[in-house]
Amino acid sequence: QELLRLKKEGEVSEEALRKAIDRFDNLKDWFLATLPEEDFQAWCFALTLGLCLCLPDASGVPWFEFEFFRRAITKCLASELKPPQQKNALKDILSEEPLLEKCRAEIYKDPLTGGDLVKFTNDRYPEMIWDILLRANRRILSLVFPQLRKLAEGTDPVIRARAAQIIGRIGEVDPYQVTFKLMDHWIGPGVYRQMATVGYLYQGILSSQSEFYREDCLKKLNHLAAETDKPKVWTAIATYKQIGVYDLSLAMEKLREISERIFTEPV
C-alpha cells in the first residue's frame, strides 16, 4: 500500500513497483530462504502461524494458544536444526511488533469474544504456506510431528484439538505412517479422550487440498463405523460429529446409518 501511494505521488517508478510486488508475492523464496536466513525466530513464528491456520475457516489464532505452539515448535526446531545464534535487539525481544512486521502478520480483536487473534495480513498466505510445506518442507514437518503428537495426546482440550487438526493436514505426506497409524494408536486402548481427538484429526484431513487423501481417509472412517468393536464405533460417532462442523449432510447421513444398524441389531 505504501509503494502504491508513493507510485501515485510519482516517487517510485513502474519497474521498481513491479519488482517490489513480485518479491512480496514470491512467498516460497521469502518463506524458505529470506526469512530463515535473516531471523530464525521470525521464521518459526511464520511457520507456526501457518501450521495453526490449518482449517479453511480459520480467521485467526487466539494469541496465547498461538504462543504456546510457537514456543514448543521453536524449541523443537532449535534443538534439531541448531541454527546459529542471532543477536536480537532488546525491543525485538520485549515486543511482538517486530516479529509481526517481519512475518507479515497482525493482531486484531475477535468481534465475538473480544480476545486477541493473530493472522497473516494476506488471507491467501495460510494455504500458500501449507502448499510450500507439503511440497518442499517435508523434513520440517517430520521434525515437528513428534512434538505435535505429544500435544495432541495431552490433557488440554484446546491444544489437543489444534495439534490434531495440524497433524490431519500433515498426514497427506504419508497417510499410512501418519494418519492411519496414529488413529489405530488412539483407538486401541479405548481412552475416550484420544478417541474423541480423532474427530479433530479429520477436520484437518478434510481441509486438505488432496481429494485422494480426503477420500481415502473417509473410506477408513466408513470401515470404522461398520465395525462391531465398541471403541471403533464410538470413535466414528465422535468423528462424524466434528465433521458436521464443515459437512453437516455427510455427518448426519453417516450417523443415521450407524444408528439404524445399532438399533436393528438383535440384542
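Q: Which cysteine sulfur is closest to the sulfur of Cys103?
A: The one in Cys44, at 9.4 Å, too far for a bond. A disulfide needs two cysteine sulfur atoms within 2.5 Å.

Q: What kind of model is this?
A: It is a predicted model: local features need pLDDT of at least 70, side-chain atom pairs count only at pLDDT 80 or more, and totals for chains, interfaces and linings use all residues. Residues are numbered from 1 along each chain as its sequence is written, and side-chain values use heavy atoms, without hydrogens or water.

Q: Is Cys54 buried or exposed?
A: Buried, with a relative accessible area of 0%. Buried means under 20%, exposed over 50%, partly exposed in between (1.4 Å probe, protein chains only).

Q: Switching to the core. Which residues touch the most other members?
A: Phe31, Trp43, Phe45, Leu47, Leu77 and Ile166, in the largest nonpolar core, of 72 residues. Helix α4 (residues 40-52) gives the largest share, ten residues. Such a core joins buried Ala, Val, Leu, Ile, Met, Phe, Trp, Tyr and Cys through side-chain atoms within 4.5 Å. Helices are DSSP runs (H or I, at least four residues), numbered from the N terminus.

Q: What does Leu77 touch?
A: Beyond four places in sequence, its contacts (heavy atoms within 4.5 Å) include Phe40, Trp43, Ile140 and Val144.

Q: And Ile262, where is that?
A: In helix α15. Ile262 is partly exposed, at 37% relative accessibility.

Note on methods: Helices (H or I, at least four residues) and strands (E, at least two) are DSSP runs, numbered from the N terminus.
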